[in-house]
Amino acid sequence: MKKLVRITTVPISLEKLLENQASFFKNYFDITLVSSSESELKKIANQQGVHHFSVEMTRKITPLKDLSSFLQLYRFLRKEQPEIVHTHTPKAGIVGMLAAFFAGVPIRLHTVAGLPLMEAKGIKKQVLLAVERLTYRCATQVYPNSVGLLQYIKEKRLAPKHKLKVIGKGSSNGIDTDYFDPMNVSEGQRQALEKDFTIQSQDLVFCFVGRLVGDKGIHELLTSFIEVHQKNPATALLLVGPQEQTLDPLQQETLAQIQNHPKIITTGYQQDVRPFLNRADIFTFPSYREGFPNVVLQAGAMGVPCIVSDINGCNEIIQDNQNGYLVPIKNTSKLTEKMEKLANNPSLRKEFADKNKAKIQRDFKRKAFWQMLLKEYQLQEKCIQ
């Protein structure tokens, strides 16, 4: 059986971004998952019945640590001699593609699922651009996970056109529409959630799912919600996700708003977001940049109408005023306007939710995505025979 190595910077990407992919592909390849944090990585690999190899990587720019990671991975790949190495996330991309290139791995694949450089400025942006160019140069094929990312990479001339391809309609993993189904959440779970997080049964709930960091638009979301709440006190904002203190932490003013407002509710990291999406009336996602956001697919599959940023990925799921609302990034007035409009129009919420759910069922089913990715692997194998 041919060997396939999948690499991410941190294990949670294997658990969430690429959920259960290894379980499917182990029927066709001898798979090793590579990431940092050995204990977490081992748990995920054991759950999916595949091998693992731990290489410590950081999400920051750390040249000496990155060199150490490269050498570890290079030695591992030289020993294992896999036919395919497939990387995800920026740091795993540069370390993994360089190591695979020098180790002589014939098929070197990299998925682009968002570019931090889009929000970077000055020297940092130039460094990140150079890193992306080098990553793509070492890769034999590059898969932007949205059409918008593909266009950005072409415009910046980061990679030649013949290396670039979007799989299916986008995404890195599709979505399990059987799992993300509102019928899987009971009324008892809903009532328990309301009790645990002090949500009134009559409250209209706006919901955000993701890391609580600046470039997810949290500051704008809070500003807009506070204005909406002043006009309609029977509203609440549910923030589902962990705070991050190292990369792009929230401003003190924003943290104070979260702590002091009685209707802004934080849950921390949640293994299962379905009960929270089930309780939501409107999903709000004003992120500054994305690849192809899984949480927008999850909210849509759970039947929650969406307000999202007009950015790549988001605007490939949501068409403005057809199956949801698009708003410009960092524009609190437009975000407030759409939040108010959707809050005051139950029939429009249902219309958006129904249309979006049908689109997701048609275009983004997980098993269909896995089959397309398998065909891509098989195509790449033929190219080197």
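What follows is a set of questions and answers on a predicted model.

User: Why is Lys 263 called buried?

Analyst: Its relative accessible area is 15%. Buried means under 20%. The value falls under that cut-off, so Lys 263 counts as buried.

User: Where is Lys 263 found, and what is it in contact with?

Analyst: Lys 263 is in the loop between α10 (252–260) and β9 (264–268). Leaving aside neighbours within four places in sequence, its contacts include Phe 225, His 229, Pro 233 and Leu 237. Gln 200 and Asp 203 are also among them.

User: What makes the pair Lys 263 and Asp 203 a salt bridge?

Analyst: Their side chains meet at 2.6 Å, N to O. A salt bridge needs a side-chain nitrogen of Lys or Arg within 4 Å of a carboxyl oxygen of Asp or Glu. The distance of 2.6 Å is within that limit, so the pair qualifies. The pair links distant parts of the chain, 60 residues apart. Asp 203 is in the loop between α8 and β7.

User: Is Asp 203 buried or exposed?

Analyst: Asp 203 is buried, because its relative accessible area is 5% and the cut-off is under 20%.

User: How do you know that Lys 165 and Glu 376 form a salt bridge?

Analyst: Their closest N and O atoms are 2.6 Å apart. The limit is within 4 Å, so this is a salt bridge. Lys 165 lies in the loop between α7 (147–155) and α8 (187–196), and Glu 376 in helix α16 (residues 366–384). They are 211 residues apart.

User: Why is Lys 165 called partly exposed, and why is Glu 376 called buried?

Analyst: Lys 165 has 32% relative accessibility. Glu 376 has 4%. That is under 20%, so Glu 376 is buried.

User: What makes Arg 289 and Asp 215 a salt bridge?

Analyst: The closest N and O atoms are 3.3 Å apart. That is within 4 Å, so the pair counts. Arg 289 sits in the loop between β10 and α12 (294–301), and Asp 215 in the loop between β7 and α9 (218–231). Both residues are buried.

User: How many salt bridges does the structure hold?

Analyst: The structure holds 20 salt bridges. Arg 59, Arg 211 and Glu 244 are linked in a network of salt bridges.

User: Why is Ile 123 called exposed?

Analyst: Its relative accessibility is 69%. Exposed means over 50%, so Ile 123 counts as exposed. Ile 123 lies in helix α6 (residues 122–138). With Ile 61 and Val 127, Ile 123 forms a nonpolar patch on the surface. Together they have about 300 Å² of accessible area.

User: How do you know that strand β10 pairs with β7?

Analyst: Pairing takes at least two bridges. 2 bridges join β7 (residues 204–209) to β10, so they pair. The two strands run parallel. Cys 207 has Phe 283 as its bridge partner in β10. β10 also pairs with β11 (residues 306–309), in the parallel sense over 3 bridges. There, Phe 285 stands opposite Val 308.

User: What covers the description of β10 as having both faces covered?

Analyst: Ile 282 and Thr 284 are buried on one side. Phe 283 and Phe 285 are buried on the other.

User: What makes the phi of Asn 20 and of Asn 321 worth a remark?

Analyst: Most residues other than glycine have a negative phi. Asn 20 has a positive phi of about 65°. Asn 321 also has a positive phi of about 65°.

Terms used: Residues numbered from 1 in each chain as written. Predicted model: local features only at pLDDT ≥ 70, side-chain atom pairs only at ≥ 80, totals over all residues. Heavy atoms only, no water. Helix = DSSP H or I, 4+ residues; strand = E, 2+ residues; numbered from the N terminus. Buried < 20%, exposed > 50% of the residue type's maximum accessible area, 1.4 Å probe, protein only. Contact = heavy atoms within 4.5 Å. Patch = residues over 30% accessible without salt bridge, like charges linked within 9 Å, V, L, I, M, F, W, Y side chains within 5 Å. Areas by Shrake-Rupley, 256 points an atom, 1.4 Å probe, with all protein chains shown as cover.
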